[in-house]
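Me: Before I rely on the labels attached to this model, I would like to go through them one at a time and set each value against its rule.

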Amino acid sequence: MRVVEKPWGFELIWAETESYVGKLLHIDAKQRLSLQYHEIKEETVYVTEGTLLNYTDEESPPMRIPAGQSFHVKPNQVHRFGAGDKFVELVEVSTPHLNDVVRLADDYKR
């Protein structure tokens, strides 16, 4: 296992093989990831704590995904995960393409 610090919180990578990756993501309150898509990577997340906000562009209000619900992200699907007033934790399982990130916007200028 390894922890990857991020400007929005952290990832705990708890499984990593040639076929799949398992992560726990902790998104700090009022933080969000990049508006992004993946060309190859496919992922499904399960919200374990808080309410996940998923933005699909810069203008529309986010979809709210409460604890106990899952969300599937297909290749080329634009998404941006975030937290509202309280932190969010989710479990992600995905294909192993960890560097397959095309950023369209980013609060941290990455």
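**Strands, pocket and rings**

Reply: Gly22 stands opposite Val93 in E10. This is a predicted model, in which local features need pLDDT of at least 70 and side-chain atom pairs count only at pLDDT 80 or more, while totals for chains, interfaces and linings use all residues. Residues are numbered from 1 along each chain as its sequence is written, and side-chain values use heavy atoms, with hydrogens and water left out.

Me: What makes E3 and E10 a pair?

Reply: Two strands pair if DSSP finds at least two bridges between them, and E3 and E10 have 7 bridges in the antiparallel sense, so they count as paired. The strands themselves are DSSP runs (E, at least two residues), numbered from the N terminus. Thr44 also stands opposite Val93 in E10, and strand E5 (residues 43-49) is joined to E10 by 6 bridges, again antiparallel.

Me: Why are E1 and strand E8 (70-73) called edge strands?

Reply: The open sheet of 6 strands has the order E1-E2-E3-E10-E5-E8, with antiparallel pairing. E1 and E8 each pair on one side only, and are therefore its edge strands under the pairing rule. The twist in this sheet averages 20° from one strand to the next, where axes are lines fitted to C-alpha atoms and angles run from 0 to 180 degrees between N-to-C directions.

Me: How do you know that strand E10 (residues 88-94) is mostly covered?

Reply: Buried means under 20% relative accessible area, exposed over 50%, and partly exposed in between, with a 1.4 Å probe and protein chains only. In E10, 5 of the 7 residues are buried, so the strand is described as mostly covered.

Me: Why does Glu18 count as exposed?

Reply: Glu18 has 79% relative accessibility, and therefore counts as exposed. Glu18 lies in the loop between E2 and E3, and its C-alpha atom is separated by 23 Å from that of Gln36, 18 residues apart along the chain.

Me: What makes Phe71 and Phe81 an aromatic pair that is edge-to-face?

Reply: Rings of Phe, Tyr and Trp (its six-membered ring) pair if their centres lie within 6.5 Å, and planes under 30 degrees apart count as stacked, over 60 as edge-to-face and the rest as tilted. The count comes to 1 aromatic pair. Phe71 and Phe81 are 6.4 Å centre to centre with 75° between the planes, so the pair is edge-to-face. The pair links distant parts of the chain, with Phe71 in strand E8 and Phe81 in strand E9, 10 residues apart, and both residues are buried.

Me: How do you know which residues line the largest pocket, and which are the closest to its centre?

Reply: On a 1 Å grid over the protein atoms alone, a pocket is an open set of points with protein on both sides within 12 Å along at least five of seven lines, and lining residues have an atom within 4 Å of a point. The largest pocket has a volume of about 380 Å³, a volume being the space filled by probe spheres set on the points. Of its 23 lining residues, the closest to the centre are Lys6, Glu11, Lys23, Leu98 and Val101. E1 gives the most to the lining, with 3 residues.

Definitions and conventions:
On a 1 Å grid over the protein atoms alone, a cavity is a set of points where a 1.4 Å probe fits but cannot get out, and a pocket is an open set with protein on both sides within 12 Å along at least five of seven lines; lining residues have an atom within 4 Å of a point. Helices (H or I, at least four residues) and strands (E, at least two) are DSSP runs, numbered from the N terminus.
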